[in-house]
Amino acid sequence: MAQTHPMGHPLLCIRNLTKSYPTGLFSLGKTDVLCGIDFELEAGQVKTVAGPNGSGKSTLLRILSGVESAETGEVLVGGQPITARANRMRIGYLPDGAPFPLELPAKRSLELFGALLHMPRALCKSRATELLERVGLASEAKRPIGQFSKGMLRRFALAQAVLHKPALLLLDEPTDGLDAEGFGVFDELLSEARDGGAGVLIATHVADLPCDEVSVLWKGKIERTGGHELLATLLELYRELGSKA
Amino acid sequence: MGRGLPLWSGITLCLLLPAWAFWSSTSETMPGSIAGLDAGNTPGLLRQGLWGSIGSFMLIAATWKGSRAGYLFANRDRSWLSTRLDSAVGGAFALVVGGVFAAAIALLGLAAGVEFASALGPAQVGQAFGKEHALHGQSLVLVSATPDNAMEAAWIVGDAKERLDYVASKDVPAPQLSFMPTSLAGDGPSALITISAARIADGKAVAEQTTSLTVRVRGTRRVLLPIPEGSGQLLITVRHGEDGPPLRLSGEHSALLLPRASHHLASLALWQHAFLWIAGAGAIALGLGARLGAGLGMSLALAIQVAGLGPAAGTYLGGSVWLDVLATAGQGFVPSSWTAPLVMGFGLQVVIGTLLLASALRIQAGKGRAS
C-alpha cells in the first residue's frame, strides 16, 4: 500500500501558507497563526516542526491533513493540491488529543477508518488486528476507545495513522502520554514508515525524537532550521527569540 | 448503578404509569367520544395515553441526542472524518439516515410494547374502523338546490365529491360516514340530507344507492353508507334535501370510517406518525447541533416542532397532526396514514439537517487551493 509520487516533485511542498482565526468582540478581530510558511519534505525524510505552545504547529498539521483550510498559499502533495481526492489515501494524520468515535471499540474503529479509505475489507480487518497487536492493544480490541487511558489513546492514534501505509505521515505530539514501551512502538512504526518511503512530519517540542531536520516555528513563522541537535537547545532559542520581540 | 435509577427504569415508569391509569378505567363510553361508539374503548384510550407519553419523551430524547451527536460530529469527529470522507454531503447524509433508522427501530419496539399492553387490558368491543378525514378542516354548508342557487352541495370543499375504492363483502362491515352538524340557519329544528354512493365506470354512474336522514344539531352522527353492488370506484355525495334550512357541517368532525382488519393497526398508524415527527426532529437537530452547539441546537429543533403543533405551520410537520392522531386513537379508531405534505416536511428536515452537517465538515473535496 506504500504510495509513490511523481518524480521531480517533493513529497510535500508548502508555499507562503497563511492562516488566521477571528478573535475579539463579535469576532471582528483577527489573530495570525501562520504567516507565510515555506516548507518542503521529501519521501523517506523525517522532519520536525518544533515551537512553544501557540506557535501554530497543530494548525499547520491540521491544514496539511485537510481538517482546516488555509487562507492563502499553496500546499502540494506529490505535485497535487492537498485537497485533491487522491491525496486522501496518501496522508496519515495523528491529531492532537483524541478526536475519535469514543463509543466504538478499538478494532471496530480501525475497520471503520479503513472502510472510509476504501481499503478492501479483508485487508482492513487483518491490518487492524496486526496494528493493535503491535501497539500493545490486542487485548483491548473490543473495548470502547472512550475507556482508554491517555497512553492507550495515543497508541490507538498511532495505529489509525499508519493503517493504510500512507505516503505522508503527519504526527502531532505523537509521544504525548506514551510510556517507555510506547516510545519503543512509536520508534518502530516511524522507522517502518521511513523505510517504506513515507515522508514524516512531526509537530512536537520533545527533544528525544529522531529526525533529519528541525524547523522552529515562532509566532507563525519558521525562524530557524537545523539538524536534530537544534531540539536540545529549544529553550535557549525560545528565550533568544522572545527577547527580540 | 449506585448513583441513581438507571435510565431504562425511568423510561419504563413513564410508560407503565399511564398504562396502569387506563387499565383501571371502566368500559363505559367516555364523555366527549362519538355518540354510538361501541363500549370497550379502553385499548384506544390506553394507546392514546401511552403514545402521548412516548411522543413527548422521544421528541425530547431525539432532539437532544441529535443535537449532541451533531455537535460532536462537527467538533470532534470532523478531525478524523474530514480526512477520510469522499464527500461531506455523503458522510452527513449517512449519519442522518442512521439516526432516522435508529428512531424507526426504537419506536417500533415501543409500538410492540404498547400493543402488548393493550392486549393485556380489557378487550376492545366491536369492529375496528379506520378514520379517514374528509373535509380536512373546512366547514361545509349544505343548501337545497334551487333555481337561484345552482351550487350543488359537495362535502369536499374544492373537489366535487369524495371517491372511495371499496368492494362490498359479506364478512366485512360496510363503511360509515361520520359527521357533526354544527348549526342550522333560522329556527329550523332539523334538516333532511341525502347520502348517495354511486359506482363509477368509464366516468359514468352505473349503480347508485341513497339514504336519507334527518339531522339535528346534536353531536356527531354515524351513518352506514349505502353501498351498491359492483367493483368500480365509489362516488360519495352528501346533498341537502329539497326543503329546509341550510345546514353547516363541521369539517374537523367529518370522516369516512372504513373497516380495518384489526384495531392493533392503530399502533402501526401511530408509529408511522411518531416516526415522521420524531425522526424529522432528530434529523434537523443533527444539523442545528453541528452549527449552533448542542444546547441551542436542541432548543431550536424543539421550538420548530412545538411551532408545528399550531395551525400556522400548516400540515408539513409531524406535530401538526399528532394531537389529531392521538385523539382518533383515543376514540377507538385507526388513524389515517401519512399525507404528502407530511412526507415532504420530513424530507425537508432530512435535507436541511444533512446540509447543515455537511457544512460543518468544511471539506473541499476535489478543489485545489488558489496560490
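In strand S4 of chain A, Thr72(A) is the bridge partner of Thr18(A). The strands involved are S1 (residues 12-23) and S4 (residues 72-77) of chain A, which pair in the antiparallel sense over five bridges. Helices (H or I, at least four residues) and strands (E, at least two) are DSSP runs, numbered from the N terminus. Two strands pair if DSSP finds at least two bridges between them. Strands of a sheet pair through backbone hydrogen bonds, either parallel or antiparallel.

This is a predicted model, in which local features need pLDDT of at least 70, side-chain atom pairs count only at pLDDT 80 or more, and totals for chains, interfaces and linings use all residues. Residues are numbered from 1 along each chain as its sequence is written, while chains are lettered from A and ligands numbered from 1 in the order in which they are written.

**Chain A: a hairpin and a sheet**

S4(A) also runs antiparallel to strand S5 (residues 80-81) of chain A, joined by two bridges. Here Val77(A) has Gln80(A) in S5(A) as its bridge partner. The hairpin of S4(A) and S5(A) has two residues between the strands, and Gly78(A) takes a positive phi near 60 degrees.

Now to the open sheet of chain A. Its six strands stand in the order S6-S7-S8-S3-S9-S10, and the pairing is mixed. Which strands sit at the edges? They are S6 (91-94) and S10 (221-226) of chain A, and each pairs on one side only. From one strand to the next, the twist averages 20 degrees.

S7 (residues 168-172) and S8 (residues 199-203) of chain A pair in the parallel sense, over five bridges. Asp172(A) has Ala203(A) in S8(A) as its bridge partner.

Helix H1 (residues 57-65) of chain A packs on the sheet and touches S3 (46-50), S6, S7, S8 and S9 (213-218) of chain A. The direction of H1(A) makes about 150 degrees with that of S7(A). Helix H4 (residues 150-161) of chain A packs on the sheet too, touching S6 and S7 of chain A. The direction of H4(A) makes about 170 degrees with that of S6(A). Axes are lines fitted to C-alpha atoms, for helices over the stretch in contact, and angles run from 0 to 180 degrees between N-to-C directions.

**Positive phi in chain A**

His118(A) has a positive phi of about 65 degrees although it is not a glycine. His118(A) is found in the loop between helix H2 (106-116) and helix H3 (121-134) of chain A. Glu173(A) is not a glycine either, yet has a positive phi of about 50 degrees. Glu173(A) lies in the loop between S7 and helix H5 (180-195) of chain A.

Are these residues buried or exposed? His118(A) is exposed, with 12 other C-beta atoms within 10 Å. Glu173(A) counts as buried, with 21 C-beta neighbours inside 10 Å. A residue is buried if 20 or more other C-beta atoms lie within 10 Å of its own, exposed if 12 or fewer, and partly exposed in between; C-beta atoms are placed from the backbone.

Chain B has seven helices and 12 strands. Of its 371 residues, 42% count as buried. Two packed helices are described by the angle between their axes and the distance between the axes.

| Helix pair | Angle | Axis distance |
|---|---|---|
| H3(B) (residues 88-120) and H4(B) (residues 265-292) | roughly 150 degrees | within 9 Å |
| H4(B) (residues 265-292) and H7(B) (residues 340-361) | about 20 degrees | 7 Å |

The angle makes H3(B) roughly antiparallel to H4(B). H4(B) is roughly parallel to H7(B). Angles under 35 degrees count as roughly parallel, over 145 as roughly antiparallel, 65 to 115 as roughly perpendicular and the rest as oblique.

The contact of H3(B) with H4(B) has 18 nonpolar, three polar and one charged residues. Among them are Leu95(B) and Val96(B) of H3(B), and Trp271(B) and Phe275(B) of H4(B). The contact of H4(B) with H7(B) has 14 nonpolar, six polar and one charged residues. Ala, Val, Leu, Ile, Met, Phe, Trp, Tyr, Cys and Pro count as nonpolar, Asp, Glu, Lys and Arg as charged, and the others, Gly among them, as polar.

**Where the chains meet**

The contact between the chains takes 24 residues from chain A and 18 residues from chain B. Two residues are in contact if their C-beta atoms, placed from the backbone, lie within 7 Å. The side of chain B that touches chain A has three nonpolar, seven polar and eight charged residues.
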